[in-house]
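Please look over the model below before reading the notes.

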Amino acid sequence: MTIRLTVAQALVRFLAAQYTERDGERQRLIGATWGIFGHGNVAGIGQALVEYADVMPYHQGRNEQSMVHAAVGYARQSNRLSTHAVTTSIGPGATNLVTGAALATINHLPVLLLPGDVFATRPADPVLQQLELPYAGDVSVNDTLRPVSKYFDRVTRPEALIPSALQAMRVLTDPVETGAVTLALPQDVQAEAFDWPEEFFSARVWTVRRPGADPTELAEAVRAIRSAARPLVIAGGGVHHSRAEEALAEFAAATRIPVASTQAGKGSLRYDHPQDVGGIGHTGTATADELARTADLVIGVGTRYTDFTTASGTLFENPAVRFLNLNIAPFDGHKLAGLPLVADARSGLEELTERLQMHGHRVAGTYVSEYTEDKERWEQRVDACFEADEIDARPTQTQVIGALDALVDESDVIINAAGSLPGDLHKLWRARSYDQYHLEYGYSCMGYEIPAALGVKLAAPERNVWALVGDGTYLMMPTEIVTAVQEGIAIKILLVQNHGYASIGGLSDSVGGERFGTAYRYPAEDGTFTGAPLPVDLAANAASLGMRVLRAKTVRDLRAALAEARAADTPTCVYVETETSDTVSGAPPAQAWWDVPVAETATRPSAVKARELYERHVSTRRRHL
């Protein structure tokens with residue numbers, strides 16, 4: 001039996017029948033489609049979404065990049081078992097997807113991209129928005145998506161959709177290979193009819209694997225842990241993707257090995273778990289970083305060991321340090337010349353715990369006492385950062401975080417990606433549930449927060465979802481406020497005004513850049529942007545997009561506004577201008593170095609001094625072999 005449909009109609013019906021299953025839990029793979037329509041998709045995918053509105057929900061986006069961010073937020077909140085599709089026109093609509101696609105792929109989060117493409121039959125060349133290359137007739141702007149996609153195909157014939165769509169689903173549901181998947185759809189092919197086999201539209205379940213460890217690798221891992229005196233776990237995003245939080249907690253309780261976390265892994269243990277020692281690396285806690293410096297075995301669980309995590313190769317100072325890497329991806333399992341334990345995070349942790357309990361293995365009590373006392377001292381530093389002696393004064397950024405920290409419970413989700421907030425949050429935030437802390441730091445993409453909050457709220461409508469946004473990030477991409485208002489998606493935005501790029505300003509100052517071009521101010525007579533702050537009213541901007549805005553001038557105002565926003569059932573923004581000293585947030589300084597190359601020759605004293613410090617730090621870098 002066959003069914004005659006257009007390519008676009010067939011694709012929409014196919015997507016509506018795809019499911020994932022893991023641990024007996026089944027859910028729809030493509031929960032909805034985001035779209036902005038133009039001449040590359042309006043008559044194809046656009047018409048198909050109207051045709052099948054009963055089986056494929058639709059969300060109207062305002063920016064193509066932000067639609068991808070919303071889909072990624074949804075996918076992460078759904079533990080990568082469900083995601084959204086994103087459709088755009090050809091040309092600028094398609095190329096606007098590139099940043100979002102890179103973010104998805106870098107963070108190993110599934111999203112399906114359906115950009116329109118130029119005519120496959122080439123009735124006229126060039127059509128509107130078509131790229132012409134004299135040396136290649138088969139290249140379009142969509143080819144910019146190839147390097148940031150985990151799977152890419154251009155569907156130039158109707159019958160080619162069947163194998164292409166199946167390959168796309170395979171990659172989206174592969175825990176190792178997942179990321180952005182792109183099916184470029186020529187606009188004439190989208191509208192072309194074809195007789196499709198009925199089986200193409202039957203419900204199809206994609207099982208998400210949980211592979212166990214190889215026995216030899218497992219035995220070697222157990223031996224390495226048992227022989228270590230000062231082991232340290234680094235929990236990465238793979239712990240969350242695998243839903244291995246309980247397995248990690250059991251492993252930590254059984255062995256008493258301390259657990260640090262990357263930005264993606266924070267919340268793998270609750271902040272008050274005895275073995276949780278906080279964030280690690282350049283934005284980490286003093287407790288975790290001191291343990292890293294003396295560790296003789298680092299057990300990475302689901303981490304990619306990014307530059308921030310390893311402090312640019314300077315953090316793990318013990319001459320005898322070795323690495324044991326539990327990761328479902330062999331590529332990451334072999335990093336830092338480590339012992340690979342290639343397995344699903346939950347499966348691997350459960351197997352390690354069982355084997356170690358058979359031997360009655362636990363770290364020494366003196367080691368436990370050491371990190372427990374250090375953890376308590378760090379918590380006192382957090383309390384000091386959050387404390388506000390004068391509640392009728394303008395708050396610092398850390399006091400803003402503290403006010404929110406005091407208000408939320410384990411059901412709230414906080415979202416951030418860029419600026420000075422990620423560093424402060426990694427050090428200070430007290431994660432109360434495994435999915436409360438949603439930091440996109442693989443790409444650290446300005447503009448991610450607001451659209452991602454939409455995706456998270458769509459995946460978890462019962463949760464309070466907070467987008468923590470600085471003024472720099474807000475100006476990048478506030479457009480999806482309109483979508484939140486349109487669909488009544490009650491996200492909360494905490495908009496922090498500090499008049500510029502605070503994070504890069506501080507970095508610039510430390511590397512001899514003298515904060516050049518990082519403040520939102522008028523130019524001074526010397527040409528630098530050091531004049532008065534710009535009279536930009538971001539609160540008024542948010543209100544003009546339809547959002548309810550609460551202005552907070554003091555700590556007292558802020559506490560009341562946050563409580564009011566949390567109780568609101570409509571999209572609500574809390575706007576606060578922070579008290580700063582040279583745009584410094586007030587958080588503890590970095591506890592580990594980060595390599596940002598400094599000018600090797602310069603005449604300005606700040607750059608000369610920064611280079612001297614840089615050379616001292618870079619001399620401590622090592623290759624782990």
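The notes that follow are grouped by topic.

This is a predicted model, in which local features need pLDDT of at least 70, side-chain atom pairs count only at pLDDT 80 or more, and totals for chains, interfaces and linings use all residues. Residues are numbered from 1 along each chain as its sequence is written, and side-chain values use heavy atoms, with hydrogens and water left out.

**Overall build**

- The protein has 24 helices and 23 strands. Both are DSSP runs numbered from the N terminus: helices are H or I with at least four residues, strands are E with at least two.
- The radius of gyration is 25 Å, which agrees with the value near 25 Å that a compact globule of 625 residues would have. It is taken over C-alpha atoms, and the globule rule is 2.2 Å times the number of residues to the power 0.38.
- Along the principal axes, the C-alpha atoms fill a box of roughly 70 × 70 × 55 Å.
- Of the 625 residues, 57% are buried. Buried means under 20% relative accessible area, exposed over 50%, and partly exposed in between (1.4 Å probe, protein chains only).
- Take the contacts between residues at least 6 apart in sequence: 77% of them join residues at least 24 apart. Contact means heavy atoms within 4.5 Å.

**Helices α3 and α5**

- The axes of α3 (residues 64–77) and α5 (residues 98–106) come within 7 Å and cross at roughly 20 degrees. That makes α3 roughly parallel to α5.
- From α3, the contact uses Gln65, Val68, His69 and Val72; from α5, it uses Thr99, Gly100, Ala101, Leu103 and Ala104.
- By class, the residues of this contact are five nonpolar, four polar and no charged. Ala, Val, Leu, Ile, Met, Phe, Trp, Tyr, Cys and Pro count as nonpolar, Asp, Glu, Lys and Arg as charged, and the others, Gly among them, as polar.
- Axes are lines fitted to C-alpha atoms, for helices over the stretch in contact, and angles run from 0 to 180 degrees between N-to-C directions.
- Angles under 35 degrees count as roughly parallel, over 145 as roughly antiparallel, 65 to 115 as roughly perpendicular and the rest as oblique.

- α16 packs on α17 (residues 421–428) at about 55 degrees, with axes 11 Å apart. The two helices are therefore oblique to each other.
- Gln397, Thr398 and Ile401 of α16 meet Leu421, Asp424, Leu425 and Leu428 of α17. This contact has four nonpolar, two polar and one charged residues.

**Loop residues**

- Histidine 499 sits in the loop between β21 (492–497) and α21. At 16% relative accessibility, histidine 499 counts as buried.
- Beyond four places in sequence, histidine 499 contacts Asp471, Ala519, Tyr520, Pro533 and Glu577.
- Proline 533 lies in the loop between α21 (502–510) and α22 (538–544). At 34% relative accessibility, proline 533 is partly exposed.
- Proline 533 touches His499, Tyr520, Arg521 and Tyr522, not counting residues up to four places away in sequence.
- Histidine 273, in the loop between β13 (259–261) and β14 (276–279), is buried at 16% relative accessible area.
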